[in-house]
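Q: I would like to learn how to read charged side-chain contacts in a model. Please take me through the terms and then the cases.

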Amino acid sequence: MDLVPALEEPLKKVLGPATAKVMAEHLGLHTVGDLLHHYPRRYEERGQLTHLADLPLDEHATVVAQVADARLLTFASAKAPRGKGQRLEVTITDGSGQLKLVFFGNGVHKPHKELLPGTRALFAGKVSVFNRRLQLAHPAYELLRGEDADETVDTWAGALIPLYPATAKLESWKIAKAVQTVLPSAQEALDPLPEPLQAGRSLVSLPEALLKIHRPHTKADIEDARSRLKWDEAFVLQVALARRRHADSQLPAVARRPKPDGMLSAFDAKLPFTLTDGQQKVSKEIFDDLATEHPMHRLLQGEVGSGKTMVALRAMLAVVDAGGQAAMLAPTEVLAQQHHRSITEMMGELAEGGMLGGAETSTKVVLLTGSMGMAGRRQALLDLVTGEAGLVIGTHALIEDKVQFHDLGLVVVDEQHRFGVEQRDALRGKGKQPPHLLVMTATPIPRTVAMTVFGDLDTSVLDQLPAGRSPIASHVVPAADKPHFLSRAWERVREEVSNGHQAYVVCPRIGDEDDDPKKKGKKKPSPEDEAEKRPPLAVLEVADQLAKGPLQGLKVEVLHGRMPPDEKDAVMRRFAGGETHVLVATTVIEVGVNVPNATAMVIMDADRFGVSQLHQLRGRVGRGSAAGLCLLVTEMPEASPARQRLTSVASTLDGFELSRIDLEQRREGDVLGQAQSGARTSLRMLTVIEDEEIIAEAREEATAVVAADPELDGLPALRTALQALLDEEREQYLEKG
C-alpha cells in the first residue's frame, strides 16, 4: 500500500484533532496541502505599525499596535445593579489612527494587568461599530516584548510577520505556528507548470514559492512567490477551460444556414429601422458559428437596451429557416411572457404559422411556463413535438421530461447567471444532436472575467445603444441627512406623471406576513444598530404610504414574485398600457421589462442592492424618447462604503466600468463553483481585475498545451493539479452556472 503523499496528509494527524477541527469547520482546510495554500493576506514589518485607518468593518482583522491608554470603568447593569460591572477600555495607536478595544466582566483581569501603556502586541478580532466609532470587542492578543518578542517575531519569518485570513476561533498567529509545522512538506509539492513554461517566464519552483510566501525574508521574496502562485492558478484554470472548449469542438452539430428568401429575409425587410453596426457585426459572428458542424457556444453581452433580443431573434429565425427549432429560456414568468409578447409583435404575421392571415413563410411562437392551464400546455407540447412551433419561449418548465422537440437547433439562454449549468445542459440534451447555444447577459463583464468565468464560451459584445434611446440622470437621495430631498423625489415623480409619463418605485422586500422579521422572533436591535439593522423597506407598506401620502390621487399598483402569474401579467399589461401611473415592485422588474413610457425610478434602500443590480434596474427607464431619471434613496451615512458604492453608480452609465467597481468590492466569487456571489473564491492569489495580462497569457499557453496533448498524458503533475481543482462533475459543469 502506498504511503499517503505528504501534502494529502490530514491535518488532524499533524496538528492534533482540536486545531484541525477548527481549521476544517471555519477555514475549509483539511490537508497539509490546503494549509500550505492558505496564504498570508499581508505582512507586517517589525518596526512598522498597521494602518488602523484602513480596517474593514465586520471582518476579522489582525493589527500590530501600541497601547496608548487603558482605563478600568465600573458601571451598574442588570447583573451588577450596585455598580460593580467592570469594563476595560484600551486605546491602541499605530501612528495613522487609534482604535478602541473593550473587555467586559471576568474578561478584564488579564488584559488589565498586561495591556499597560507602551506595550506592543498583535491584536485580532472582529471590527465593529459602537457610537459611530470602530472598535474590537474582546480581541485576542499576543504580546511583543523583550526577548519573547524576538522569538515570537522570528517564528513569523524574521522581519516580516505574515498575517493570515483568520477567524474568531483561530487567530492569525496560531495559523502561523501551524504553517510553521507543515512547511517542510512543501518540498514534496508536485509542480504543475510544464518545465519550458517555467523557464521561459523565469518563475521559481513551487516548493520555493510556498516557502517564500510563508517565510519571506524580503519583499522581493513575496513578489517572487506571488508571481509564481498566480501563474499556477491562472494556468490550471485555463487548462480546465481549454479542455472543455476542445471537448465541445469535437461534438457534432447540424449546420444551420438560413434560406435566402426565408423568414429572416422577410423579417429584415419589414424592420422599421436599420440595425446598429454592433448588431450587424455580432449577428455575422453568430451566423458564421451556426453554419459550422460543431455546436456554437457564444456569450452575448450587451448593455441594458442594446438590442440583444433583436440579435437573438434573428439567430432563432435563421435556425427555423434551416428547418430547426429554437428555444429561449428566461429566468422568470414575467420575463418569459414579456419576451413572448414582444417577439410575436416584432414578427407580426410571420408568427402566425398555420393561422388564417399568416404569412406564407411563417411559424408558430409558443409560450411554455409552469403556471399555464392544462389545455394551453397540452397544445404547446404538441406544437413542439410535431415541429409546428418553430420558436418556443419559456421558463425552466421547458426542461421537464415531458417536453420534446421535433428538431431543436438553437438554445438561447437569457440572463444566464440565473440558471444552473445542469438546467442549461438538460435543455441542450433535448436535441437529436447537441444544439447551438447562445447565452445572453445584460450584466457587463470585464474581459478578464469573461476569460475566467466564461472561458469556454466565445464572447460577443454589443456596446452601442440603438438610436432613439435616451440618457438617464442618476442621483443619490440621502434620506436620513436631508429628508427634504426625499420629499422632492416624490414631487419629481408627480411631475413625470403630469407630463404623461410613468414611474417605478423599487423596494428590497415584499412585506407580507412570510417575510416580516417581527414574526420570526428576532431580537430587537439596540438603538445604535437601528439604522443598519432595520428591516428593508417593503413593497406593500411603501405602496400604501405613497397612495395615502405624497402620491395621493395617482394610480399606484404593486408587483412582486409571490402574486399569482395571471395577476402579475394583468398588472404588467395595465402598466405597459399606461393605465397605472406608478408601479411599486420588487426586483421582479430587474430584467427585460420594457415600458418606453416609464421615465422615472425611485429605488428605496438602494444600499441593499448590488452595483450590477442597480445598473440593471436603472435600465428600465429612459427606454423611449424622453430622458430617464433614477433616484437612489439611502439612509447610510456619507462616509460609509455603501454610500460610496451608490455614488459610483450615480456617476456613470458605463456598465463595464461599474462591473469593475462591483468586482473589486465583491471579489471574484468561486470562479469554478456554482456560487457566483463573492466571499469564497477558488482564486487565492489571482485577482481577475489586476492580473489581466497573466490570465490572457495563461489562456494562450493552456490552449497550446491542450491542442498538443488533450489528455495531458505527458504532464502527470498538471493532471493531478487539475483533479485537485475539479472533481469530474465540476469540470463537466465548468461552463459557468
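A: A salt bridge is a side-chain nitrogen of Lys or Arg within 4 Å of a carboxyl oxygen of Asp or Glu. By that criterion, Arg-488, Glu-491, Arg-492, Glu-495 and Glu-496 are linked in a network of salt bridges.

Q: What kind of model is this, and how are residues numbered?

A: This is a predicted model, in which local features need pLDDT of at least 70 and side-chain atom pairs count only at pLDDT 80 or more, while totals for chains, interfaces and linings use all residues. Residues are numbered from 1 along each chain as its sequence is written, and side-chain values use heavy atoms, with hydrogens and water left out.

Q: How many salt bridges does the structure hold?

A: The count is 39 salt bridges. One of the pairs is Arg-488 with Glu-495, whose closest N and O atoms are 2.9 Å apart.

Q: Are Arg-488 and Glu-495 buried, exposed or partly exposed?

A: Relative accessible area is the quantity to read: buried means under 20%, exposed over 50%, and partly exposed in between (1.4 Å probe, protein chains only). Arg-488 has 36% relative accessibility and counts as partly exposed. Glu-495, with a relative accessible area of 30%, is partly exposed.

Q: Where do Lys-21 and Glu-25 lie?

A: Helices (H or I, at least four residues) and strands (E, at least two) are DSSP runs, numbered from the N terminus. Lys-21 and Glu-25 are in helix α2 (residues 17-27), and because they are four residues apart there, about one helical turn separates them. Their side chains meet in a salt bridge at 3.5 Å, N to O. Lys-21 is exposed at 52% relative accessibility, and Glu-25 is exposed at 53%.

Q: Which helix holds Glu-208 and Lys-212, and how many residues apart are they?

A: Both are in helix α8 (residues 206-214), four residues apart, about one turn of the helix. Glu-208 counts as partly exposed at 33% relative accessibility, whereas Lys-212 counts as buried at 16%.

Q: How do I read a residue in a loop? Where is Asn-106, for instance?

A: Asn-106 is in the loop between β4 (98-104) and α4 (109-114). At 73% relative accessibility, Asn-106 is exposed. The C-alpha atoms of Asn-106 and Gly-85 are separated by 9.5 Å, with the two residues 21 residues apart along the chain.
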